[in-house]
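Q: Hi! I'm new to this one and would like a quick tour. Could you walk me through it?

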Amino acid sequence: MSGILSPKELSLISSAADDAKVNEERQEREKKAKQKKELQDAFMSQELHPEVRDRVNQAVRRAAEQGYHQLQVLTFPASYCNDHGRRINTLDPEWPQSLEGFAKRAYEFYDRELKPLGYKLHCEIISFPGGMPGEVGMFLKWG
């Protein structure tokens, strides 16, 4: 016949359960941080697709056929900007200098290939979680 658990044994059981829960939460935070870092690294190293011109043509044609005069071409976290989106948020004319990684390469493509054709590029903060710049949206405009 087994005895009844003592309060001391129950305290140890409770502490072990708390420790396991804390450890699980820590592992989950580390996993999310690793995923976030991997996404950022991928964004920073991503190059323009070799068929970027065809893809742009297809996208703007489809949008124009639907009566649109602009197209959201890119979304990324404001934290990927070297100023965390401050220049974009304040409409600073020098906002392109805050771009990094793929966003910078996309802007350079726009500046080199699309701007001379009459396209405009508008960039704005499209979300403000906790009152801080969250996501950046880049919009290609024409007409």
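**A first look around**

A: Happy to! Let's begin with E38, which lies in helix α1. Helices here are DSSP runs of H or I with at least four residues, strands are runs of E with at least two, and both are numbered from the N terminus. The model is a predicted one: local features need pLDDT of at least 70, side-chain atom pairs count only at pLDDT 80 or more, and totals for chains, interfaces and linings use all residues. Residues are numbered from 1 along each chain as its sequence is written, and side-chain values use heavy atoms, with hydrogens and water left out.

Q: Is E38 buried, partly exposed or exposed?
A: E38 counts as partly exposed, at 43% relative accessibility. Buried means under 20% relative accessible area, exposed means over 50%, and partly exposed is in between, using a 1.4 Å probe and protein chains only.

Q: And what separates E38 from I88?
A: Their C-alpha atoms are separated by 24 Å, and along the chain E38 and I88 are 50 residues apart.

Q: Switching to charges: how many salt bridges are there?
A: Searching the whole structure gives seven salt bridges. The term stands for a side-chain nitrogen of Lys or Arg within 4 Å of a carboxyl oxygen of Asp or Glu. Side chains of opposite charge can pair when their charged atoms come close.

Q: Which residue does R105 pair with?
A: R105 pairs with E47, and their closest N and O atoms are 3.6 Å apart. This bridge links distant parts of the chain, 58 residues apart: R105 is in helix α4 (residues 101–114), while E47 is in the loop between α1 (7–45) and α2 (52–65). E47 counts as exposed because its relative accessibility is 52%.

Q: What about K115?
A: K115 forms a salt bridge with D111, with 3.8 Å between the closest N and O atoms. K115 is partly exposed at 44% relative accessible area, and D111 is partly exposed at 36%.

Q: Which residues are linked in a network of salt bridges?
A: R53, R112 and E113 are. Within that trio, the side chains of R112 and E113 meet at 3.5 Å, N to O. E113 has a relative accessible area of 25%, so E113 is partly exposed.

Q: Which residues are closest to its centre?
A: Of the 21 residues lining this largest pocket, L48, V52, V56, V73 and F102 are the closest to its centre. The elements giving two or more residues to the lining are α2, β1 (70–77), α4 and β3 (135–141). Helix α4 gives the most, with six residues.

Q: How do the lining residues divide into nonpolar, polar and charged?
A: The lining has 17 nonpolar, two polar and two charged residues. Ala, Val, Leu, Ile, Met, Phe, Trp, Tyr, Cys and Pro count as nonpolar, Asp, Glu, Lys and Arg as charged, and the others, Gly among them, as polar.

Q: How many aromatic pairs does the structure hold?
A: Six. One of them joins Y107 and Y110: the ring centres are 5.7 Å apart and the planes are at 50°, so the pair is tilted. Rings of Phe, Tyr and Trp (its six-membered ring) pair if their centres lie within 6.5 Å; planes under 30 degrees apart are stacked, over 60 edge-to-face, and the rest tilted.

Q: Where do Y107 and Y110 lie?
A: Both are in helix α4, three residues apart, or about one turn of the helix. Y107 counts as buried at 17% relative accessibility, and Y110 is buried at 7%.

Q: Which residues do ring pairs link into a cluster?
A: That cluster is made of F43, F76, Y80 and F102.

Notes. On a 1 Å grid over the protein atoms alone, a cavity is a set of points where a 1.4 Å probe fits but cannot get out, and a pocket is an open set with protein on both sides within 12 Å along at least five of seven lines; lining residues have an atom within 4 Å of a point.
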